[in-house]
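User: Please go through this structure with me in short questions and answers.

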Amino acid sequence: MGEVKLIGSSGSLFCTRVEWALKLKGVDYEYLQEDLLNKSELLIKSNPVHKKIPVLLHDDKPVVESLVILEYIDETWKGYSLLPQDPHERATVRFWAKFVDDKCVIGSWQAMAMQDEGEAKAKAIESVQELYAFIEKQIEGKKFFGGEQIGYLDLVMGWKTLWLSAMEEVGNVKLLDPEKFPSLHQWAENFKEIPIIHECMPQKETLVNYFQGGLNYLRSLAANKP
């Protein structure tokens with residue numbers, strides 16, 4: 001099926017979900033570690049619009065944006081199915097995947113990044129928890145979002161298993177309490193037990209440093225604005 005390369009960064013939740021998909025499909029690939037502070041010519045050439053990771057190169061043809069890449073992988077390599085076959089179910093998981101990336105990930109980052117420890121931060125945490133309440137309802141009574149086996153939405157939500165706890169540590173916040181979100185908590189425990197998933201996870205210390213470094217960089221840019 002051709003040569004496969006993945007341009008990514010080991011701390012990126014968006015890159016890891018692509019690795020999970022490739023491994024579930026049994027696809028051999030070469031991982032090209034990207035220096036995000038000194039972006040390579042290959043990355044800029046492959047994703048000239050956003051210049052962001054991940055980028056999947058399939059026979060040197062680039063596919064960008066992690067959600068798009070997941071669908072490309074599912075359509076290109078048969079066998080293990082990531083997306084459901086039913087059109088309505090496919091549309092539904094696409095909706096929730098976009099909700100997770102546009103709302104939950106960004107909201108969690110914003111809550112982590114807030115330096116104000118007062119009412120503003122409390123409201124930010126409350127807003128994020130309201131978002132996760134929608135996801136909690138989606139997983140209630142299920143082992144995985146995909147049913148009895150992990151699928152597209154499980155890979156998209158997979159960042160909750162480790163990346164979110166690193167965010168919580170960096171930001172000194174608690175966004176997902178197991179008592180408030182028992183179904184999500186149990187799902188995360190089930191998800192982490194899958195060998196392919198566990199093997200691709202970085203160390204939590206790596207993620208803490210990754211988020212802290214990103215936060216420090218953004219704060220330095222803000223401080224140096226004229």
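This is a predicted model: local features need pLDDT of at least 70, side-chain atom pairs count only at pLDDT 80 or more; totals for chains, interfaces and linings use all residues.

User: How many residues of S1 are buried?

Analyst: Buried means under 20% relative accessible area, exposed over 50%, and partly exposed in between, with a 1.4 Å probe and protein chains only. S1 is mostly covered. Of its 5 residues, the number buried is 4.

User: What is the handedness of the β-α-β unit made by S1, H1 and S2?

Analyst: A crossover is right-handed if, with the strands pointing away from the viewer, the path from the first strand over the helix to the second runs clockwise. The unit runs through S1, helix H1 (residues 13-25) and S2, and it is right-handed.

User: What is the strand order of the open sheet?

Analyst: The sheet has 4 strands with mixed pairing, in the order S2-S1-S3-S4. S2 and strand S4 (61-64) are at the edges with a single partner strand each, so one side of each lacks a neighbour in the sheet. From one strand to the next the twist averages 25°, with axes being lines fitted to C-alpha atoms, for helices over the stretch in contact, and angles running from 0 to 180 degrees between N-to-C directions. The order asked for is S2-S1-S3-S4.

User: Which residue in S4 is the bridge partner of Leu57?

Analyst: S3 and S4 pair in the antiparallel sense over 4 bridges. The partner of Leu57 in S4 is Pro62.

User: Where is Asp59, and what is its phi?

Analyst: Asp59 sits in the loop between S3 and S4. Asp59 is partly exposed, with a relative accessible area of 43%. Its phi is positive although the residue is not glycine, with a value near 55°.

User: What is the phi of Glu65?

Analyst: Glu65 lies in the loop between S4 and helix H3 (66-76). Glu65 is partly exposed, at a relative accessible area of 39%. In this residue other than glycine, phi is positive and near 75°.

User: Is the peptide bond from Ile53 to Pro54 cis or trans?

Analyst: Pro54 is in the loop between helix H2 (41-46) and S3. Omega of the bond from Ile53 to Pro54 is near 0°, and the bond is cis.

User: At what angle do the axes of H5 and H8 cross?

Analyst: The axes of helix H5 (residues 119-139) and helix H8 (residues 182-192) come within 8 Å. H5 and H8 are therefore roughly perpendicular, a label for 65 to 115 degrees, with under 35 roughly parallel, over 145 roughly antiparallel and the rest oblique. The crossing angle is roughly 65°.

Notes:
Residues are numbered from 1 along each chain as its sequence is written. Side-chain values use heavy atoms; hydrogens and water are left out. Helices (H or I, at least four residues) and strands (E, at least two) are DSSP runs, numbered from the N terminus. Two strands pair if DSSP finds at least two bridges between them.
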